[in-house]
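Dear colleague,

Please find the structure below, handed over for your records. My notes on it follow directly after.

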Amino acid sequence: MLTKYNLKLPHAVFSGEDALENIPAILAENAVRRLAVFTDKGIEGAGLLELPMAQVRKAGVETILLDDLPAEPSYLEAQKLVDQCKASGADFILAVGGGSVMDTAKLSSILMTDEYGIRELLETPGRARKCMKTLMIPTTAGTGSEATPNAIVAVPEKQLKIGIVNAEMIADYVILDAEMIRKLPRKIAAATGVDALAHAIECFTGNKANPFSDLYAMGALEMIFDNIDRACDDPEDMDAKRQMQIASFYAGIAITAAGTTAVHALSYPLGGKYHIAHGVSNAILLAPVMRFNEPACRDRLSAVYDRCFRGKAQTQEEKSAAVIARLEGIVKHLNIPTSLQGFGVPKEDLEDLVRSGMEVQRLLVNNPRLVTADDARRLYQEVL
Ligand SMILES: NC(=O)c1ccc[n+]([C@@H]2O[C@H](COP(=O)([O-])OP(=O)(O)OC[C@H]3O[C@@H](n4cnc5c(N)ncnc54)[C@H](O)[C@@H]3O)[C@@H](O)[C@H]2O)c1
Ligand SMILES: [Zn+2]
């Protein structure tokens, strides 16, 4: 556990009923004239953009729509939107979408200069400073990107996804309005919900865990264990969806204070090379990696059991096993695949996967148990 720690948070977070109605006041408070609206075609197609835009119209500001963004963009695809934003003369950024949209908007907020772009930030993420304030409205629950200083892009030449971390990217304003996830399709709700679960359990068991991250990670875990099934299974259960939205925000704060571990590290090549959705690749690796980590974080998993399950298990071993079984049960219940079969990952690619996965030392150093190349190989073999 860290002995020195700090926490940077968004300036203001609005949640609860009709939270979107705060938009006009936020825009007025910042004297916004030209608003860059980041979103994607999926959000527009679902009719979701209209909800915040109705509020934006009340503020009477000019808007520029930036929506030509694929899910989980490469840094080159994200750079195109950054360039459009730069050329637009916008003075404030609104992002309405999942992690892909929010991450691109966050990069734009620190890239109003011609001196460098996302490619350069991959090498030296710390050089950029905030140029424009941001308002994040997540539509998945979720990546927690609305809370974190991270933006993740695919880097095709490395066949990896890479996280750019810079506290200047932390959102200024966040609106968590459950209306934005009311009709989230079950498949996306399941994958993004398990992503939030992975954030929380990885942060709680990681080497960088600290009292700040623990508070939010444990809070997120309790809410996710209680709500994820209902939020995905019952389209009408707005209370469960609201809880998931807050939990994924909490898990994002836990990432800001601590960081994820080997589940995320080993999943980056799966997203980067085979374009497996971020939540799905994490879900596939979640139980195998947690089983591998268990001897090194038994006490932490046991604490999760005591707080979240309050069952009859007696020993730490029984308790941590029950937590891992629940993680596995959630993935199965939500019908997320538990192996890479069907994703076109040939067994011959194993060594490439191991090489790429081991490159993600930024996260692997945070894993409670040392992961060697042999360990990574065994873990990938388990899910191939
Ligand atoms: N910055 C961070 O801290 C952080 C953390 C985790 C993941 N990520 C990154 O975020 C990305 C994944 O984000 P995501 O999982 O939120 O998915 P996403 O943003 O990639 O969206 C996936 C698909 O779902 C659609 N969609 C989103 N919300 C919807 C809704 N309410 N209704 C209908 N369709 C909807 C989108 O249009 C898109 O087609 C990855 O690139 C991942 O690496 C970032
Ligand atoms: Zn994640």
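The notes below concern a metal site and the packing of helices.

This is a predicted model, in which local features need pLDDT of at least 70, side-chain atom pairs count only at pLDDT 80 or more, and totals for chains, interfaces and linings use all residues. Residues are numbered from 1 along each chain as its sequence is written, chains are lettered from A and ligands numbered from 1 in the order in which they are written, and side-chain values use heavy atoms, with hydrogens and water left out.

The zinc ion (ligand 2) is held by D195 through OD and by H199, H264 and H278 through NE2, at 2.1 to 2.2 Å. Donors here are N, O and S atoms within 2.8 Å of the metal (3.2 Å for Na, K and Ca); water is not among the atoms, so sites may look incomplete. Along the chain, the donors follow the spacing D-x3-H-x64-H-x13-H. H264 belongs to helix α10 (residues 262-274) and H278 to helix α11 (residues 278-293), so this pair ties together parts 14 residues apart in sequence. Helices are DSSP runs of H or I with at least four residues, numbered from the N terminus. The angles among the 4 donor atoms of the zinc ion run from 86 to 164 degrees, and the site is irregular.

Turning to the helices, α7 (residues 186-205) packs against α13 (residues 316-333) at about 165 degrees, with the axes 10 Å apart. Axes are lines fitted to C-alpha atoms over the stretch in contact, and angles run from 0 to 180 degrees between N-to-C directions. The two helices are therefore roughly antiparallel, a term for angles over 145 degrees. R186, V194, L197 and I201 of α7 make the contact (heavy atoms within 4.5 Å) with V323, L327, I330, V331 and H333 of α13.

Helix α8 (residues 211-233) and helix α12 (residues 298-308) pack at about 55 degrees, their axes 10 Å apart.

Yours sincerely

Conventions
Parallel < 35°, antiparallel > 145°, perpendicular 65-115°, else oblique. Tetrahedral: all angles 85-135°; square planar, octahedral: opposite > 155°, others 65-115°.
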